[in-house]
Amino acid sequence: MDRTEILERAGGMDSYNIPRVCKNCGGVMVFKGVGEYRCEECGEVDYDDYGKVRLYIEEHRGATAAEIEGAIGVSQRTIRKLLKEGRLEVAEGSKSFLTCEVCGKKIRSGQYCPECEINVHRKLEEKQRELAQKSKNAQGYSGPQKAEEGQRRFRRDS
């Protein structure tokens, strides 16, 4: 299994169909920002899934995920993933929303409403503090080490 397959299975960035090789000349595609890639050789421009969706939404405000999928071929699953990551946002005035994964409140992007996001981060910080404290108190398996008095650590032959 190569790196690309591993990232796709893990839900990594490669799952957004990032163009790596130019369709025109076979040159290397270089990231230019906001989902846009440009060929080093011929200058051809191509977009990953995020770039395609973003461009489509700019031209067709208020488009639904089903409309986007039908028009440009990016799956609704990928669009939901982009919404949950906070890279896209449900349009204002839309009838559909995401829901907070903790309290169920309607949200426009991400996984949590602002209040629950604060609480989630606080809980994570508490766990980190607990783990840090436990590691400070850890002695290891052998117990405390006793120093041998009068022993030299280094010898100088001079």
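This is a guided tour of one predicted protein model, stop by stop.

**Before you start**

Residues are numbered from 1 along each chain as its sequence is written. Because the model is predicted, local features need pLDDT of at least 70 and side-chain atom pairs count only at pLDDT 80 or more, while totals for chains, interfaces and linings use all residues; side-chain values use heavy atoms, with hydrogens and water left out.

**Stop 1: the whole chain**

Show the protein chain as a cartoon. It holds five helices and five strands, where helices (H or I, at least four residues) and strands (E, at least two) are DSSP runs numbered from the N terminus. Read from the N terminus on, the order is α-β-β-β-α-α-α-β-β-α.

The chain exposes about 12,500 Å², and 47% of that is supplied by carbon and sulfur atoms; accessible areas come from the Shrake-Rupley method with a 1.4 Å probe, and for residues only the protein chains shown count as cover. Of the 158 residues, 23% count as buried. Buried means under 20% relative accessible area, exposed means over 50%, and partly exposed is in between (1.4 Å probe, protein chains only).

Contacts are the next thing to display, a contact being heavy atoms within 4.5 Å. Among contacts between residues at least 6 apart in sequence, 22% join residues at least 24 apart.

**Stop 2: two loop residues with positive phi**

Select Asn17, in the loop between helix 1 (3-9) and strand 1 (29-33). Its phi is near 55°, a positive value in a residue other than glycine. Asn17 is partly exposed, with a relative accessible area of 48%.

Then select Val34, in the loop between strand 1 and strand 2 (36-39). Val34 also has a positive phi, near 50°, and is a residue other than glycine. Its relative accessibility is 44%, so Val34 counts as partly exposed.

**Stop 3: Asp46**

Go to strand 3 (residues 45-47) and pick Asp46. Is Asp46 buried or exposed? At 16% relative accessibility, Asp46 counts as buried. Leaving out residues up to four places away in sequence, Asp46 touches Pro19, Lys23, Met29, Gly35, Glu36 and Tyr37.

**Stop 4: the nonpolar cores**

Hide the surface and show side chains. A nonpolar core is a set of buried Ala, Val, Leu, Ile, Met, Phe, Trp, Tyr and Cys residues joined through side-chain atoms within 4.5 Å. The largest one has 16 residues, and those with the most contacts inside it are Val53, Ile68, Ile79, Leu82, Leu83, Leu88 and Cys113. Helix 2 and helix 4 are the elements that give two or more residues to this core. A second, separate core has five residues, among them Ile18, Cys22, Met29 and Tyr37.

**Stop 5: Leu83**

Stay in helix 4 and select Leu83. Leu83 is buried, with a relative accessible area of 11%. Which residues does Leu83 touch, not counting residues up to four places away in sequence? They are Leu88, Glu89, Val90, Leu98, Arg108, Ser109 and Gly110.

**Stop 6: the largest pocket**

Rolling a probe the size of a water molecule over the atoms shows where empty space is left. On a 1 Å grid over the protein atoms alone, a cavity is a set of points where a 1.4 Å probe fits but cannot get out, and a pocket is an open set with protein on both sides within 12 Å along at least five of seven lines; lining residues have an atom within 4 Å of a point. Grid points are joined across faces, edges and corners, and a volume is the space filled by probe spheres set on the points.

The largest pocket has a volume of about 620 Å³. It is lined by 25 residues, of which Ala63, Leu83, Glu89, Val90 and Ala91 are the closest to its centre. Helix 2 (49-59), helix 3 (65-72) and helix 4 (76-84) each supply at least two lining residues. By class, the lining has 13 nonpolar, six polar and six charged residues. Here Ala, Val, Leu, Ile, Met, Phe, Trp, Tyr, Cys and Pro count as nonpolar, Asp, Glu, Lys and Arg as charged, and the others, Gly among them, as polar.

**Stop 7**

Select Phe97, in the loop between helix 4 and strand 4 (98-99). Phe97 counts as partly exposed, at 36% relative accessibility. Phe97 touches Lys106, Ile107 and Arg108, not counting residues up to four places away in sequence.

Finish in helix 5 (residues 114-137) with Glu115. At 44% relative accessibility, Glu115 counts as partly exposed. From C-alpha to C-alpha, Glu115 and Cys103 are 9.5 Å apart in space and 12 residues apart in sequence.
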